[in-house]
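Take a moment with the model below before reading on.

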Amino acid sequence: MTNWVYMDGKYVPLEEAKISITTHAFLYGTACFEGIRAYWNAEKEQLYVFRPREHYERLADSCRILGIALPHTVDELCRITVELFQKNQFRQNIHFRPFAYKSKEKSGQISLDMRNVGDAFFIWAQPFGKYIQTKGAKCCISSWRQTDDNSISRRAKISAAYILSALARSEAGHNGYDEAILLNQDGHVSEGSGENLFMVRKGKLTTPAVTENLLEGITRATVIEIAEAELGIKTVERAVDRTELYAAQELFFCGTGAEITPIVQVDGRTIGTGEVGPLTQKISDLYFDIVYGRNPKYSRWLTPVYAK
């Protein structure tokens with residue numbers, strides 16, 4: 001079966017979706033992207049795209065920060081996504097990547113200056129399972145520090161910024177850990193290599209504030225909302241110290257890729273009982289009921305792909 005990609009206004013087979021080695025984004029990382037999931041509900045025979053509008057709104061923000069002209073409106077992008085999935089006839093969980101980037105110098109020259117470089121866009125989708133292959137992640141505090149907003153902002157999903165994530169994740173793996181936790185330049189907890197982080201300590205649900213140089217995660221916002229609406233728990237957003245993680249009763253990552261991933265160890269220290277904590281489990285159960293379309297209260301967050 002052909003894997004179709006949406007690229008520069010048309011649908012093309014994956015093997016034909018190519019870029020030149022002179023592409024500005026390839027040479028300098030001048031690109032931004034989104035990672036979005038869709039979930040297959042076999043009982044309903046429906047594929048649900050989770051919060052595509054919010055993701056595409058964030059992509060538009062990233063493009064504005066980087067100076068890339070996004071060729072479609074948010075409404076158009078949501079429609080194109082459904083059409084692409086229908087064309088591929090996906091019937092399993094999907095991860096897809098809308099990608100906006102600087103393409104070629106209009107002058108034919110190679111330069112760091114982005115002003116005379118054209119813009120391009122594609123959406124690529126593939127079947128996708130768990131990102132962190134464990135029920136409880138063992139983590140380390142990375143030796144790499146998070147970039148500052150006045151350096152490479154984490155508010156935008158800029159491709160070049162993810163070299164830091166790649167270094168941190170690889171370092172963790174080399175040292176026998178599942179994932180890394182990054183501190184910012186002030187020494188406060190920022191996020192994982194590709195996930196936001198939540199902590200349960202002294203009965204409070206806490207997460208680093210967005211001013212701590214982290215991605216304003218869609219899943220992060222989802223957790224904050226459902227924790228208050230369904231469990232009556234308000235999330236405290238503030239600076240978090242490294243040692244607070246060691247003393248926490250529960251820790252978990254969240255993100256499009258990571259979904260809800262419990263953290264059971266940090267720097268060799270067991271978190272809580274070393275098992276999935278009760279609040280983490282409740283939030284996880286709520287989250288998966290929502291994304292699979294089993295909770296009609298949150299159907300506004302889901303875009304069904306197949307007409308019924």
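In which sense do strand S8 (residues 137-145) and S9 pair, and over how many bridges? They pair in the parallel sense, over four bridges. Strands here are DSSP runs of type E with at least two residues, helices are runs of H or I with at least four, and both are numbered from the N terminus. Two strands pair if DSSP finds at least two bridges between them.

A word on what you're looking at: this is a predicted model, in which local features need pLDDT of at least 70 and side-chain atom pairs count only at pLDDT 80 or more, while totals for chains, interfaces and linings use all residues. Residues are numbered from 1 along each chain as its sequence is written, and side-chain values use heavy atoms, with hydrogens and water left out.

Now turn to S9 itself, residues 179-183, where five of five residues are buried. Buried means under 20% relative accessible area, exposed means over 50%, and partly exposed is in between, using a 1.4 Å probe and protein chains only. Glu 179, Ile 181 and Leu 183 point one way from S9, while Ala 180 and Leu 182 point the other way.

S9 also pairs with strand S10 (residues 189-192), this time antiparallel, through three bridges. Ile 181 has Gly 192 as its bridge partner in S10, and Leu 183 has Val 189. Five residues sit between the strands of this hairpin, and Gly 187 takes a positive phi near 85° there.

Asp 241 is 58 residues away from Leu 183 along the chain, yet their C-alpha atoms are separated by 8.8 Å.

Next, the nonpolar cores. A core here is a set of buried Ala, Val, Leu, Ile, Met, Phe, Trp, Tyr and Cys residues joined through side-chain atoms within 4.5 Å. The largest has 30 residues, and those with the most contacts inside it are Leu 47, Tyr 56, Phe 85, Ile 94, Phe 96 and Ile 123. Strands S4 (36-41), S5 (46-50), S6 (94-105) and S7 (117-127), along with helices H2 (52-66) and H3 (74-88), each give two or more residues to this core. H3 has the largest share, with six residues. If you click on Phe 85, you'll find that it touches Ala 38, Leu 47, Val 49, Phe 90, Ile 94, Phe 96, Ala 125, Val 305 and Tyr 306, not counting residues up to four places away in sequence. Apart from this core lies another, of 24 residues, among them Ile 224, Ile 226, Leu 279 and Tyr 292.

Points are joined across faces, edges and corners, and a volume is the space filled by probe spheres set on them. The largest pocket holds about 660 Å³. It is lined by 33 residues, and Phe 33, Arg 97, Lys 157, Tyr 162 and Gly 194 are the closest to its centre.

Strand S15 (259-266) and S14 each give two or more residues to its lining, with S15 giving the most, three residues.

Most residues other than glycine have a negative phi. Lys 202, however, has a positive phi near 55°, in the loop between strands S11 (196-201) and S12 (204-208). Lys 202 counts as exposed because its relative accessibility is 69%. Asn 213 has a positive phi of about 65° and lies in the loop between S12 and H5, but at 12% relative accessibility Asn 213 counts as buried.

Definitions and conventions
Contact means heavy atoms within 4.5 Å. On a 1 Å grid over the protein atoms alone, a cavity is a set of points where a 1.4 Å probe fits but cannot get out, and a pocket is an open set with protein on both sides within 12 Å along at least five of seven lines; lining residues have an atom within 4 Å of a point.
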